[in-house]
Amino acid sequence: MAVLRGGVELQVVVAVLAFAALVMIPEVFSDKITVGGKKGWTTNFNYTIWAEGRHFYLGDWLFFVYDRNQGDVLEVNKTDYENCNAAHPLHNWTGGAGRDVAPLNVTRAYYYITGKGFCYGGMKLAVNVENPPPPPVSAPPNEKSEAPRSTYRSQFVVPAVFAVAALWDSFLRVLW
């Protein structure tokens, strides 16, 4: 069993790194969506038109960028969204710096408004969160064609390089 300096076993380090990779996998498949794009969360902008045709998936994040003196980010129900009523928000995502993030962690409709009086001017957003699409299915391999070069490389060459490196490392440890 290989031991690193300080008595930490190599297997423990590998296990910790593997766990960290597994924990980060959901982040790889989610997007941070800046509300309003370059315009941000501001007045005189139609967020209904901005959201049309966009897909919002489970695990995505809405990033609200705005002037903290003129706006805030309130999550409300559909009725309060339609009436621009900020009296009973479901959640206040305002952090105070004008750079706020709201997670989309349930497949449902989300409604956001500002409580600073600009809701009637269009500073409101409704998004429908859906499950992400399944990954694309690759075409079945043609029996007459040989394996693509990238498949050959990933299945044989890369593991072989790692095996040689591991043997070399073991050899050096024996010598030292």
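Strands, labelled E and at least two residues long, are DSSP runs numbered from the N terminus. The views below are taken from a predicted model.

**View 1. Lys124, a buried lysine in strand E8.** Lys124 is found in strand E8. Lys124 is buried but forms no salt bridge. The nearest side chain of opposite charge belongs to Glu82, 7.8 Å away, whereas a salt bridge needs the nitrogen within 4 Å of a carboxyl oxygen. The Lys124 side chain does reach the backbone oxygen of Tyr81, at 3.2 Å. Beyond four places in sequence, the residues in contact with Lys124 are Trp41, Tyr47, Tyr81, Glu82, Cys84, Tyr112, Ile113 and Cys119.

**View 2. Asp60, a buried aspartate in the loop between strands E2 and E3.** Asp60 sits between strand E2 (56-57) and strand E3 (61-65). Asp60 is buried and has no salt bridge. The side chain of Asp60 reaches the backbone nitrogen of Asp31 at 2.9 Å. Apart from neighbours within four places in sequence, Asp60 is in contact with Ser30, Asp31, Ile33, His55, Ala102, Pro103 and Leu104.

**View 3. The salt bridge between Glu75 and Arg108.** Side chains of opposite charge can pair when their charged atoms come close. One salt bridge is found in a search of the whole structure. The side chains of Glu75 and Arg108 meet in a salt bridge at 2.8 Å, N to O. Glu75 belongs to strand E4 (residues 74-76) and Arg108 to the loop between strand E6 (99-103) and E7, so the pair ties together parts 33 residues apart in sequence. Glu75 counts as buried because its relative accessibility is 4%, under the 20% limit. Arg108, at 33% relative accessibility, counts as partly exposed.

View 4. The largest nonpolar core holds 19 residues. Within this core, the residues with the most contacts are Trp41, Phe56, Leu62, Phe64, Tyr112, Leu125 and Val127. Helix H2 (47-51), E3, strand E7 (109-113) and strand E8 (124-130) each give two or more residues to the core. Another core, of seven residues, lies apart from the largest one and includes Leu74, Val76, Tyr111 and Ile113.

**View 5. Residues 16-28, a segment with pLDDT under 50.** For the protein, the mean pLDDT is 80, and 66% of residues reach 70 or more. Over residues 16-28, pLDDT stays under 50, and the model has one contact beyond four places in sequence for this segment. Where pLDDT is low, the predicted coordinates should not be read in detail.

Technical notes. Residues are numbered from 1 along each chain as its sequence is written. Side-chain values use heavy atoms; hydrogens and water are left out. Helices (H or I, at least four residues) and strands (E, at least two) are DSSP runs, numbered from the N terminus. Buried means under 20% relative accessible area, exposed over 50%, partly exposed in between (1.4 Å probe, protein chains only). Lys and Arg count as positive and Asp and Glu as negative; His and the chain ends are not counted. A polar contact is a pair of N or O atoms within 3.5 Å; within protein, one must be able to donate a hydrogen and the other to accept it, and residues adjacent in sequence count only if both atoms are side-chain atoms. Contact means heavy atoms within 4.5 Å. A nonpolar core is a set of buried Ala, Val, Leu, Ile, Met, Phe, Trp, Tyr and Cys residues joined through side-chain atoms within 4.5 Å. pLDDT is the predictor's confidence in each residue, from 0 to 100.
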